Amino acid sequence: MDRERADGQLAQIAETVGLARRLGTRVWLRGGWAMDFFLGEQTRDHEDVDWFVPAADAAALAAGLDALGYRPLAGSPPEQQFDVVRDGLESGFALVDLAPDGRVLVAGGPWAGTAWPAGLLDGPPGRLGALVCPIVAPAAQIEIKRMMPVWDPRRPRRAKDAEDVARLRRGLGQPGLG
């Protein structure tokens, strides 16, 4: 594994959690790093760091990241996600709406108002070494990784997603399920 890259990403995860806390907002790791924080160990290299953030807090978080030297990346529809880079390391922040009834909804784009899996943001924080971070609930992450190619056929199933699902299931005590 690329230890230098991982150390840089972990430092940025800690910095982002600290910034969100200072701003009074919340962020949740999603994707591969969320899995690793759930399992308590780094399992593979990660291309980037993926997050969820409430849409209502996105502008303040983006401004805070800008003040810390992160620069915006073009590409993602701004009503759905904003992406930043610093020191060659990318982070993406998918926007969610938090409904009064507790559901977590897609904030913008063609799927705006669609509910994410139940319990998405209800899990306990994850830990990797001394670093503690809010994460997407593992069962919801499994559902997302399994269903994304069904929900959006333009996004084919990737080998790393199948491997992540198997790791998460083992971590939840569900070995042998695919």
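**Helix packing and strand pairing**

The crossing of H2 and H5 is left-handed, in the sense that the near helix is turned anticlockwise from the far one by less than a right angle. The model is predicted, so that local features need pLDDT of at least 70 and side-chain atom pairs count only at pLDDT 80 or more, while totals for chains, interfaces and linings use all residues. Residues are numbered from 1 along each chain as its sequence is written, and side-chain values use heavy atoms, with hydrogens and water left out.

**Helices H2 and H5**
- Helix H2 (residues 31-39) packs against helix H5 (residues 159-171) at an angle of about 25°, their axes lying 10 Å apart, and the two are therefore roughly parallel (angles under 35 degrees).
- Met35, Phe38 and Leu39 in H2 meet Asp164, Arg167, Leu168 and Gly171 in H5, where contact means heavy atoms within 4.5 Å.
- The residues of this contact of H2 with H5 comprise 4 nonpolar, 1 polar and 2 charged, with Gly counted as polar.

**Strand E4 and its partners**
- Strand E3 (residues 71-73) runs antiparallel to E4 and is joined to it by 3 bridges, with leucine 73 opposite aspartate 83 in E4.
- E4 also pairs with strand E5 (residues 89-98) in the antiparallel sense over 6 bridges (pairing requires at least two DSSP bridges), and valine 84 stands opposite serine 91 in E5.
- E4 and E5 form a hairpin with 2 residues between them, and aspartate 87 in the turn has a positive phi of about 55°.

Methods:
Axes fitted to C-alpha atoms, helices over the stretch in contact; angles between N-to-C directions. Helix = DSSP H or I, 4+ residues; strand = E, 2+ residues; numbered from the N terminus. Parallel < 35°, antiparallel > 145°, perpendicular 65-115°, else oblique.
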